[in-house]
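Visitor: Please take me through this model by question and answer, giving the cut-offs as each term comes up.

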Amino acid sequence: PITAAFDAGYTTKPGHQGLGLGLYHASRFAARHGGGISVESTEGEGSTFHLWLPRADFTEAGTDASTQRRRSVLLAGQPPRKLGGTAAALRAGGVRVVIADGNAEELLAAPGLDFDAVVVRMASNDAEAARLVRFIRRHRLPVKLVIQPADCGAEDLDPKLLEKADLVLAETVNPERAAERIAGELLAR
């Protein structure tokens, strides 16, 4: 998967050009400072990297730091390009968003990446998405779980998986409304 781009020594350059350490060091730096880096890639079109670091808090000592933490959401599922509108709408609302590219479990386990919610776009018979939902609940991760059907209706999904969700969005909900519901119902302070 594209997440291999963050591995030490990974390079797409021919011959001896580059050491394959740039993105590796960027991801280590971001994680060490409480941030992260993610990639969205479409074959033949290119890649977009998102790097985020926590904003410095210069408020007076004594401010409860837990109320200052920026909310964050992990978006997972297929196709990744369908997640872009929801990601943009959440980001416009001040939410930190990471789009997983087949590496959601790895991102959920990464130190320094604390998510408040996970949105899973799930098609019927989508084994990878079903595995992610089970992983979240089996490990009792402290995240809100949102399931959105992808190219099907909720009635086409396994009811046992839907029961595990904190929120089920309609397949046809527009990205702005999806972001509004996620922020309002799940990320409210």
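Visitor: At its relative accessibility, what does glutamate 105 count as?
Guide: The model is a predicted one, with residues numbered from 1 along each chain as its sequence is written, and in it local features need pLDDT of at least 70, side-chain atom pairs count only at pLDDT 80 or more, and totals for chains, interfaces and linings use all residues. Side-chain values use heavy atoms, while hydrogens and water are left out. A residue is called buried under 20% relative accessible area, exposed over 50%, and partly exposed in between, with a 1.4 Å probe and protein chains only. Because glutamate 105 has 28% relative accessibility, this residue counts as partly exposed.

Visitor: Which side chain meets that of glutamate 105 in a salt bridge?
Guide: A salt bridge requires a side-chain nitrogen of Lys or Arg within 4 Å of a carboxyl oxygen of Asp or Glu. The N to O value for this pair is 3.7 Å, with arginine 131 as the other member. The pair links distant parts of the chain, 26 residues apart, since glutamate 105 lies in helix H3 and its partner in helix H4 (residues 127-138).

Visitor: How far apart are the closest N and O atoms of arginine 71 and aspartate 116?
Guide: Side chains of opposite charge can pair when their charged atoms come close. Aspartate 116 counts as buried because its relative accessibility is 11%, whereas arginine 71, at 22%, counts as partly exposed. For the salt bridge that arginine 71 forms with aspartate 116, the separation of the closest N and O atoms is 3.3 Å.

Visitor: In which helix do arginine 177 and glutamate 180 both lie?
Guide: These two residues form a salt bridge whose closest N and O atoms are 2.6 Å apart, and arginine 177 is partly exposed because its relative accessible area is 37%. Their separation of 3 residues is about one turn of the helix, and the helix that holds both, spanning residues 175-186, is H6.

Visitor: What pattern does the chain follow along the sequence?
Guide: Helices (H or I, at least four residues) and strands (E, at least two) are taken as DSSP runs and numbered from the N terminus. On that basis the chain has 6 helices and 7 strands. Read along the sequence, these elements give the pattern α-β-β-β-α-β-α-β-α-β-α-β-α.

Visitor: Which are the edge strands of the open sheet?
Guide: Two strands count as paired if DSSP finds at least two bridges between them. The open sheet has 5 strands in the order S4-S3-S5-S6-S7, with parallel pairing. The strands that pair on one side only are S4 (96-99) and S7 (167-168).

Visitor: How many bridges join strand S5 to strand S6?
Guide: Strand S5 covers residues 117-122 and strand S6 covers residues 144-149, and the two run parallel. The number of bridges joining the two strands is 6.

Visitor: Which element gives the most residues to the largest nonpolar core?
Guide: A nonpolar core is a set of buried Ala, Val, Leu, Ile, Met, Phe, Trp, Tyr and Cys residues joined through side-chain atoms within 4.5 Å. In the largest core, of 27 residues, Leu74 and Val118 touch the most other members. Two or more residues come from each of S3, H3, S5, H4, S6 and helix H5 (159-163). The element giving the most, with 6 residues, is H4.

Visitor: Which residues does threonine 86 touch, leaving out those up to four places away in sequence?
Guide: Threonine 86 belongs to helix H2 (residues 84-92) and counts as buried because its relative accessibility is 8%. With contact taken as heavy atoms within 4.5 Å, the residues that threonine 86 touches are Leu75, Pro175, Ala178, Ala179 and Ile182.

Visitor: What share of the accessible surface belongs to carbon and sulfur atoms?
Guide: Accessible areas come from the Shrake-Rupley method with a 1.4 Å probe, and for residues only the protein chains shown count as cover. Buried residues make up 37% of the 189 residues in the chain. The accessible surface of the chain is about 11,000 Å², and the share that belongs to carbon and sulfur atoms is 51%.
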